[in-house]
Amino acid sequence: MLRVGDVVTAYGQLEALKGVSVAAESGKITCLLGPNGAGKTTLMMTVTGLLKPKRGSIAFEGQELVGLSPSEIVARGVALVPENRLVFPDMSVRENLEAGAYLRRKPAEIAADLDRMFERFPRLKERAGQSAGTLSGGEQQMLAVARALMSRPRLLLMDEPSLGLAPLIVEEIFRIVAELNRDGTSIFLVEQNAHMALKVAHHFYLIEQGRVTFSGSPGQLAEDEVIQRAYLGSKRG
Amino acid sequence: MMIDFLQSLVDGVLVGTTYSLIGIGFTLIFGVMHKINLSYASASVGGAYCGLLLVGAAGGKSALLVFLMAAAAAGVIGYVVYLTCFRFIPASHPLGTLMSTVGMLLLIDEIVVHATFGVPVAYPPLYEGPSIELGELYIRPDYLMVFAVGIAAMTVLTLLLYRSRLGLATRAVSQQPVAAQLCGIALYRVNAATFVVTGVLGGIAGAMIGASVGMLSPLLVLPLTVKGLIVTVIGGLGSIPGAIVAGLMVGGFENVLQYYRGVTERDLYVMLLLFVFLVFRPGGLFAAKSERN
């Protein structure tokens, strides 16, 4: 579904991605695990068009994404739940969701999806008229997920959805991830929380210092080692 | 004595709507791009000139037509300002767009001076009629018209921002540009639209100033730029309600001081007001006090 081939993305002279190749299969949950600064967020921003790669290709359902603008990429069916959620703080929960459906033109379908989101995330329904900035971290994360879903993506990218959340909330978020996948959304998840990610992943990659260092299914590598490498990288120990 | 104070206050507040509009323009562009567009007041007066000169050249006489043409021309100028001063200038450069807009301010000013030989031109009043008397207070009809048009423009802007798709996109970009792009909102388009909309507002303000003073002159540009920026600071950068209230406030304040201290001294007190705000309320009228640090 998504094929990232030998992508190099640099900030000035500094190469954050040094030739990364990963793939996400249709209907599956794919995870990319790695420590801070390994290039996880850079990869997400490159796939969504926020950053331009120096070289490499990104194909989604056979179509090249490199060179397209972020809005063109959303229109093709790829949505990102960004790191730190990035909700629109002074807009109501409902308006945040409407913004997620910005590219869609059929009000009736948007309204139906809005109801569906409120059904799936009852907390958001309770707070529909409230400013998103007043929500708790967990609620903001759910809003960010729901906002991304409002564009009806075929592939949902998620950048560290567990970041800064209490363990109970993290479990809830991962339960939602599994649920979304069961309902047919393909998911590409970037995480540092290896323990939770391995529970839901069908396939996972390790990324360290801008390079993919492992690719396989959960169980192929001892969880201890994955956790060690996801938090610290393998070159420390 | 009291009635003179009230009279100057009312006159000032009514005409202060033009300051509010200019303040809104500065603040909206800042909200969306986090940049100051110093050419804004110049473009607004330029738009008013365009309305007058274009309609005049076509042999038209209608004050309404002059007014509408000013708004339309200023919208076009707004787009040109966006293209020339922002679109291709790196946003990361701390002074890049600031300098390009200073250049644009001077350019527009120069074009106006050349087109009119630097001589002020008469501007038709939008409305003529008898004054309204409220006890001893006189409400000038042209000022009342300026006020009414200003309020109407602000109402339309509010509806646009809070009830339209473009408004949703504009607010999204101003609050969280990265997330806005991830929602499929194209930054360049929202930015360009903001310049056109604020341009139209500026054109309306420019036309109203022309109508209330009875003429247009290149000398209007600099004071209007300074007053617009003062209103933006007092209202709080990025706050539209702040800009509205601050505009009326500065208008009233300035006119009262003009009455008591004369036209040469009044701007001194406006600057003093700015100073007081910068020291005690740097976040503007409606900001939480804790913003100072």
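Trainee: Which helix gives the most to the lining of the second largest cavity?

Mentor: This is a predicted model. In it, helix 6 of chain A gives the most to that lining, with three residues. The second largest cavity has a volume of about 70 Å³, and its lining includes A:Ala144, A:Arg147 and B:Leu182.

Trainee: What makes the lining of the second largest cavity one with charged residues?

Mentor: Asp, Glu, Lys and Arg count as charged, and A:Arg147 is among the lining residues. The division is therefore eight nonpolar, two polar and one charged.

Trainee: How is the lining of the largest cavity divided by class?

Mentor: That lining has eight nonpolar, three polar and no charged residues. About 90 Å³ of space lies in the largest cavity, and helix 8 of chain B gives the most to its lining, with four residues.

Trainee: Why is A:Lys40 called buried?

Mentor: Buried means under 20% relative accessible area. A:Lys40 has a value of 4%, and therefore it is called buried. A:Lys40 is found in helix 1 of chain A.

Trainee: What makes A:Glu160 a contact of A:Lys40?

Mentor: Contact means heavy atoms within 4.5 Å. A:Glu160 is in contact with A:Lys40 by that rule, as are others including A:Leu32 and A:Glu191.

Trainee: What is the volume of the largest pocket, and how many residues line it?

Mentor: The largest pocket has a volume of about 670 Å³ and is lined by 26 residues.

How values were computed:
Residues numbered from 1 in each chain as written. Chains lettered and ligands numbered in written order. Predicted model: local features only at pLDDT ≥ 70, side-chain atom pairs only at ≥ 80, totals over all residues. Heavy atoms only, no water. 1 Å grid on protein atoms, 1.4 Å probe; cavity = no way out; pocket = protein on both sides within 12 Å on 5 of 7 lines; lining within 4 Å. Points joined across faces, edges and corners; volume = space filled by probe spheres on them. Helix = DSSP H or I, 4+ residues; strand = E, 2+ residues; numbered from the N terminus. Buried < 20%, exposed > 50% of the residue type's maximum accessible area, 1.4 Å probe, protein only. Lists of a residue's contacts leave out its neighbours within four places in sequence.
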